[in-house]
Amino acid sequence: MRVSVFGLGYVGCVSAACLAGKGHEVIGVDVNQVKVDLVNDGKAPVVEERIGELVGEVVGSGALRATRDVREAIMGSDISLVCVGTPSEPNGSLCTTYLERVTEEIGAALADRAGRGGRHTVVFRSTMLPGTCANLLIPILEKYVGGTAGVDFGVAVNPEFLREGTSVRDFFDPPKTVVGELDPASGDAVLGLYEGLPGEVFRVPVATAEAIKYADNAFHGLKIGFANELGAVCRALGVDSHQVMDVFLADRKLNISPAYLRPGFAFGGSCLPKDLRSLVHAAQRADVSVPLLSHVLPSNSAHLERAVELVERAGKRRVGLFGLSFKPGTDDLRESPLVELAERLFGKGYDLRIHDANVSLSRLLGANREYVETRLPHLAQLLADSVDEVLDHAEVCLVGTRDPAVLSALPHGGDPLLIDLVRLPDADTRRAEPGYVGLAW
Ligand code: NAD
């Protein structure tokens, strides 16, 4: 199929490269010239396992190219995937500005395309609250195209369930495929993209597909909060929380998946916090009381506070931090709990040095340079490109990554003191050593 992908961020770049790798002819569209240039040079604008090689391959073979020209993309494709961001507004509500803008642009280009080629289908992959497609986006498309959705052009919602860090692997082995279809032909068009991939397929109404994504993300946040609270109580009572969870999770009769249930550090990223926020905001506006959901984010903040307390208790001023992105395997810094931790420590006057290989690589490529320089200038100056620079500086080191290069360099014996945020693979040995404390015992 000939596919346009709007937005070459974490979701769009992976979708575009993987669809091209599956044999489709893909044009990526982004308003950001740096991302467009990176893709056309065969480089990924995000750091992820396997994405760099894959983009190189599919751009080299001609299966993927990028442009800023919406019209060119729509003219040359049968289906469009919309993967633009939907961040939180300051009050917690969902920001739909990028969605509205790109939908207007697609609608205008579709009007020009009318009569040429077959029916085009617009597929929304961005996370959006139930009702957004029907009440906000379809009216925009119908206004610009001058036709009827589901008749003159197709519309579907196809939420994204990939996890940053393993998203290429997840694309080819998805946990499930959900297609919210306005009409059967729209759903068929979406499923044509994924033909041959494993996993169960669910064809549902558009608003159901929108809601499923929120169910997933709210539950993931809840699981992490549950595991971390339990881990904190276990630590206070001198119990190994991972041993507790090993047994808890072995109980398959209750059908428990172990994902997100290992005590570790606080969650973050561009999805769970903002999706929980907008879900709670939407519930409040609808006068629905959601005490459980509205306490997931405060639980997460309390966990972050525990890490700050461990540093304070160590009583040292020179602090090292390994890891800065919101989780290992990505360079994504949005709502990273490690960024928040670094900011808390920086604000308290600690003399901090930070190392994260993916963030350094992304700065070198230029992909996240603007984000770091405009949003985190206070941390940019603390970034060290080498592990040793941080170890040489620090009296106490926080380990928030499982990067093998960091793990192999970490000393034993207490100089510097280690605060393990991620439960290091050799945590059991280290627990017996001086100068080691784990947040997730
Ligand atoms: P992102 O911010 O990394 O990427 C969005 C991209 O869209 C940016 O490159 C931006 O320049 C581009 N863009 C904005 N307006 C545009 C326009 N008019 N035309 C073309 N491009 C435009 O966002 P992301 O992390 O990829 O997330 C995208 C959506 O997918 C969000 O709704 C998010 O909630 C959802 N989602 C994200 C993940 C994840 O792991 N990151 C997972 C599942 C779902």
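Tutor: The answer takes the helix, then the loop after it, then other parts of the chain.

This is a predicted model, in which local features need pLDDT of at least 70, side-chain atom pairs count only at pLDDT 80 or more, and totals for chains, interfaces and linings use all residues. Residues are numbered from 1 along each chain as its sequence is written.

Helix α11 covers residues 272-285, which is 14 residues. Helices here are DSSP runs of H or I with at least four residues, strands are runs of E with at least two, and both are numbered from the N terminus. From first C-alpha to last, α11 reaches 20 Å, close to the 20 Å expected at 1.5 Å a residue; the expected span is 1.5 Å times one less than the number of residues.

The buried residues of α11 are Leu272, Pro273, Lys274, Asp275, Leu276, Arg277, Ser278 and Leu279. A residue is buried if 20 or more other C-beta atoms, placed from the backbone, lie within 10 Å of its own, exposed if 12 or fewer, and partly exposed in between. These buried residues pack against α9 (206-236), α12 (291-294) and α13 (296-314), where contact requires C-beta atoms, placed from the backbone, within 7 Å.

Just after α11 comes Asp287, with a positive phi of about 65°, although Asp287 is a residue other than glycine. Asp287 sits in the loop between α11 and α12. Asp287 counts as exposed because 6 other C-beta atoms lie within 10 Å.

Arg423 is buried, with 20 other C-beta atoms within 10 Å.

The peptide bond from Asp415 to Pro416 is cis, with omega near -5°, and Pro416 lies in the loop between α19 (404-409) and β12 (417-420).

Residues 320-427 carry the feature "domain: UDP-glucose/GDP-mannose dehydrogenase C-terminal" in an unreviewed UniProt entry. UniProt positions are given in the numbering used here, feature names are shortened, and annotations may be inferred rather than shown by experiment. In the model, the end C-alpha atoms of residues 320-427 are 19 Å apart, and the span is 42% helix and 15% strand.

Notes. Two residues are in contact if their C-beta atoms, placed from the backbone, lie within 7 Å.
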